[in-house]
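Please load the model in your viewer and keep the selection panel within reach.

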Amino acid sequence: QTFEKLLIANRGEIACRVIKTCKKMGIKTVAIHSDVDANAVHVKMADEAVCVGPAPTSKSYLNMDAIMEVIKKTRAQAVSLNESICCSFISSLSLQASEGVTFIGPDTHAIQAMGDKIESKLLAKNAKVNTIPGFDGVVKDADEAVRIAREIGYPVMIKASAGGGGKGMRIAWDDEETREGFRFSSQEAASSFGDDRLLIEKFIDNPRHIEIQVLADKHGNALWLNERECSIQRRNQKVVEEAPSTFLDPETRRAMGEQAVALAKAVKYSSAGTVEFLVDSSKNFYFLEMNTRLQVEHPVTECITGLDLVQEMIRVAKGYPLRHRQADIPINGWAVECRVYAEDPYKSFGLPSIGKLSQYQEPLHVPNVRVDSGIQQGSDISIYYDPMISKLITYGSNRAEALKRMEEALDNYVIRGVAHNISLLREVIVHPRFVQGDISTKFLPEVYPDGFKGHKLTDLERRELLATAASLYVAEQLRSQRFLGTPRIPIAKSKRSSWELSVRLGDGIYPVAVSKDGSSFSVEVDGMKLNVTSEWNLASPLLSVTVDGTQRTIQRLSRNASGDTHIQFLGTVYKLQILTKVAAELSKYMPEKAAEDTSSILRSPMPGAVVAVSVKPGDTVSEGQEICVIEAMKMQNSMIAAKTGKVSYLRSLKTICNLSNRIEFE
C-alpha cells in the first residue's frame, strides 16, 4: 500500500510517465495545467485536472500558491513536483508534511544542497568525490567574472547555481565572452529558476558526459544503477543518450558508481537521482552536478535494469526499504534514446519551431520501441514550454541491434505541422564515429563544422531516390485514371506502359525512364536499371519501397500541380520536381520569382519573446553589434547586425514576436 491520490505538478511527457505508473499501482492522479494546456494529454490521462493559471510557467506550473491550494482542494496525499520549484516549496512542503502530504522525491535538505551548484560542489569535495577546478563562491558582477576567469585560465564555464538542462550556461574563451556570458546566463537563470546566482569553473575541453543513476531509501540504503552516456549535445542540452556507455570499463564504472553513492549518502538522499560527471580521454572523471529528479533520459536505465524508477520513487517516499541489493542490478542488453524536438536542425543544430501537429504517428509498430510523449495529433507546440515532442527509445540485445531499431523507428516516425530534428538524429546514429563509440560533447561541431546540412546522398542513394520518386509519380498517374464504384466503361483502354520523365534534385536535372512491369516498375537512371516495388498505398503517410532488394521507408510530405514534391528519405527531406519530358522542355519559358533581398534586414529566426531592444530608428550600428535579444523556449538569443548601417525602422517589435518581425537598415 502506498497512496490513494497523487498530484503531479508538471506537464508534458514526464507527467504522462508518472501517471502511467500510478495507474499500474492503483493510485488516482491529479494533474495541474495552464489555460493553454487544457486539452493536453497529461490532463486527459489524469483522474482529475485543475487549471492553475495562464500560459507562462511562472504564473502556472511554478505558481506555488496555486499549486498548494490544489493540493488542499483535491486532498492529494502525495505530490510529484517540477524540480525548478522544489527548493521554493521547502517551507510549504514542511507545512504540508504535518498534514499528511508526502513529497515524491528526496527530502528538502538534499534538494536544497544539490540544487545549488556551489553548495553541491563543496559537499562533493567533502565526500571525496572528484570535482572540477574552479571558483566555489557566487560571482557578483561581470568585472568579478572576468577576474575569476583570468585566475582559473581560459576557457571557463559560466553556470547558473540553481540551473540545469543547459539553461544559464555559457562557455567563455576570453574577457569579452565572459562579460556577455555573465549577462545572458544570469538573465536565463533568473527567468528559468528565479535565481540569478552564477559560478565559474574550468571548462574541460572535449570530454564525455556520463552520468550515474542512483536510488536510495530512508533507511540508509543506496544503489548505483549503472551509467548513461549523454555526450551528444547541442547548446549543453542532451540530444542522444544510451546505456551502458561504450567507454567505461568495469573498474571505472564501479569507481564512478561508488562516488555517486557516497555523495547521495552524504546528503542523506532518499529517492531516484542522477550524479553527472565529465570524463576525459584518460577516464579521469569529475563531478558536474546532481539532479534531484527523474531525468529525461531515465528510460534507457529502465530498459537495461528492468526497474520502474517511478514505482521505486513512490515506494521510497512511502517509507519502504529498497527491494534490491547492488549485486542484483544487471546490465541486460543496450538501450538508446533520441530526444525528438520541434526544432529546425539546420539552424544552429536546432532553433525552436512552433505550430500545430497536423499529423502525428509514433512508430510503436516497430519491435522493441518505446515512446514517452505528452502530445498527440492536433497538439500545439508553443513558445512557452520546452520544444520536446517525445523521447524515442529502442532496445536490443546489443548496441548494434538497438541502433538498427532506432534507425527504423526514426524512418517510421510521422510528424507534420512543425519542423523537427529527425534528420539530425538519424545522421548521428548512423555516423561512423558514433557507431564506433568515438564521441564527446563536441561531437556535433566537430562532425558538422559548417552546421548540419542533412544527409549527403551517395550516387547509389541518389539513384534510389530518383527511381522511387519517379515510380511514385507514375503510380499516382495510374491511380488518377481509375474510376472506383462506377459502372462507367472506358471506350478504349490505356495501354501506356512507359514514361519519359525529367526529375530535378538539387542543382541537377536527370532524365528518368519508367516502364511498368506487373506491380513493379523498371526505372532507368544514369544508364542503370533499377527495379522498384511497393504496395503503392498513396493514402498512407508511410510508404515501404524496395529498390533492387533494398527496403526503404519513405514519406511523401507534399506535392503540387507544378510537379514539386517533398520526400523524406533516409531521414532528410528532399525537394524534387518531377515533370514529363515535354513539360520539362516548356518549363524553361516559365518566369521564376526573384528571391527577396534580405541583406539589409534583421529578421528573427524563431518565434519568441522580445527581452530587450538595444537600438532605435536613426541609430548607426556596426557589423556584429547586438540589436535585440529574443527569448524562446527559456533560452535567450542575441540578434546581431550582419552589416554596418543605419536603422531605418523597427516593425512589430512587441512582447511576442513571430517570423514576420524585422528590423531594417539603410
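In which strand does Gln-568 lie? Select strand 30, residues 564-569, and Gln-568 will be found in it; helices (H or I, at least four residues) and strands (E, at least two) are DSSP runs, numbered from the N terminus. Before going further, note that this is a predicted model, in which local features need pLDDT of at least 70 and side-chain atom pairs count only at pLDDT 80 or more, while totals for chains, interfaces and linings use all residues. Residues are numbered from 1 along each chain as its sequence is written, and side-chain values use heavy atoms, with hydrogens and water left out.

**Around Gln-568**

With a relative accessible area of 4%, Gln-568 is buried, where buried means under 20% relative accessible area, exposed over 50%, and partly exposed in between (1.4 Å probe, protein chains only). Now display its contacts, meaning heavy atoms within 4.5 Å: leaving aside neighbours within four places in sequence, Gln-568 touches Leu-410, His-420, Ile-422, Thr-553, Ile-554, Gln-555 and Val-573.

Select Ile-415 next and apply the same exclusion of neighbours within four places in sequence; its contacts are Val-340, Leu-357, Gln-359, Tyr-360, Ile-389, His-420 and Ile-422.

At least three residues of the core come from each of domain 2 (107-132 + 209-332) and domain 4 (335-446), the domain bounds being taken from an automatic or database domain assignment.

Turn to helix 7 (residues 117-126), where Lys-117, Ile-118, Ser-120, Lys-121 and Ala-124 are buried. Seen down the helix axis, the buried residues of helix 7 fall within an arc of 165°, so they line one face of the helix; the arc is that of the directions from the helix axis to the C-beta atoms. Just after helix 7, Lys-128 takes a positive phi of about 65°.

Helix 11 (residues 298-305) is mostly covered, with seven of its eight residues buried; these are His-298, Pro-299, Val-300, Thr-301, Glu-302, Ile-304 and Thr-305.

**Loops with backbone features**

Centre on the loop between helix 8 (142-152) and strand 7 (156-164), which holds Pro-155; the peptide bond from Tyr-154 to Pro-155 is cis, with omega near 0°. A cis peptide bond also runs from Ala-243 to Pro-244, with omega near -5°, and Pro-244 lies in the loop between strand 12 and helix 10 (250-266).

In the loop between strand 11 (222-234) and strand 12, select Asn-236, a residue other than glycine whose phi is positive, near 65°, and which counts as partly exposed at 26% relative accessibility. Asp-548, in the loop between strand 28 (543-547) and strand 29 (550-559), has a positive phi near 50° and is partly exposed, with a relative accessible area of 48%.

**The whole chain**

Finally, zoom out to the chain, which contains 18 helices and 39 strands. Its radius of gyration is 27 Å, close to the 26 Å that the globule rule gives for 666 residues, so the chain is as compact as a globular protein of that length; the radius is taken over C-alpha atoms, and the rule is 2.2 Å times the number of residues to the power 0.38. Of the 666 residues, 56% count as buried.
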